[in-house]
Each structure stands twice: as structure tokens, then as C-alpha cells.
Amino acid sequence: MSTKKRYTKTELNKFRKIIEKKMDVTSQDNADIKESMGNDFSSDAGLSPDSVYSVHMADAGTDSHEREKSYLFMARESAYYRNLEDALERIDRGEFGICAICEELIPKERMVEVPNATKCVDCKTKQKLNLV
Ligand SMILES: [Zn+2]
């Protein structure tokens, strides 16, 4: 196992910065959406979310669809955010960038683009085809 290639501490630190930056952008995106959705979404509006919701529902209509889309977007974004958190944990555990199946090092370009990847492209493809 010790002969296998691993990312160095310096490289891992770089990845950590990249991931933290992505997390920043993701949470900023979510904040922007919340803002664009108006006060009905924020808990510090002085009203309980329930009462705001029912008031808003009374005249809801055209914008409820928009809001639904925003909720979906936010759900997806927060799932992504959790994946990034997982990636940081994998850095801490020394598992970052190592394919969970073949244990080879996942190429740097892939890890920069998809820091939450846990498998190399080869294994991912094989898995899709049920070859592993
Ligand atoms: Zn692999």
C-alpha cells in the first residue's frame, strides 16, 4: 500500500482551499436565493415562519411555482454543500483523492473539478456498467 501514490500535504492544502472556496460560493448562492425570495423565508422577520407562510399562501399563485423552483435549487445546493464538507473530512482522514474501489490516485484535474469525487472515472464507468 505504501508504494501507491498519494497527494502530498501541500497538494491537500490546496484542495482544501479550493473546496472551502466552493463552499463559500455555494452558501452565498443560497443566501442570494433566500434574499430574492423575500422576507417570507427569513426567520428574523419578526413573524413565525408559519404565519408568514399562511399569509403568503392566501395570495399565492403565480409565484409559488418560482418559489418551488428556488426550494429545489436550494435543496440541491445544500446537498452539494454537504458533499464538499465530506470532501474536507476525507482530507482530514487522508482519503481524499483516492479511488474507493481501485485505491489509485484520482487525477488532480478531476479532483479540482469534482472535489467530492470518491471514485476514478474508470471505476465509476465500470460501476455504471455493473462490472465491479
Ligand atoms: Zn478506481
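The model is predicted: local features need pLDDT of at least 70, side-chain atom pairs count only at pLDDT 80 or more, and totals for chains, interfaces and linings use all residues. Residues are numbered from 1 along each chain as its sequence is written.

Let's start with helix α1, which covers residues 9-36. Helices here are DSSP runs (H or I, at least four residues), numbered from the N terminus. The end C-alpha atoms of α1 are 40 Å apart, in agreement with the 40 Å its 28 residues should span at 1.5 Å a residue; the expected span is 1.5 Å times one less than the number of residues. Just after α1, G38 has a positive phi of about 90 degrees.

F15 sits in α1, while F73 belongs to α3. Burial is judged by other C-beta atoms within 10 Å of a residue's own, placed from the backbone (buried, 20 or more; exposed, 12 or fewer; partly exposed, in between).

| Residue | C-beta atoms within 10 Å | Class |
|---|---|---|
| F15 | 21 | buried |
| F73 | 13 | partly exposed |

Beyond four places in sequence, F15 is in contact with I91, F96, M111 and P115, where contact means C-beta atoms, placed from the backbone, within 7 Å.

F15 also belongs to the largest nonpolar core, which has 9 residues, including I19, L84, F96 and C120. Such a core is a set of buried Ala, Val, Leu, Ile, Met, Phe, Trp, Tyr and Cys residues joined through C-beta atoms within 7 Å.

Key: Helices (H or I, at least four residues) and strands (E, at least two) are DSSP runs, numbered from the N terminus. Two residues are in contact if their C-beta atoms, placed from the backbone, lie within 7 Å.
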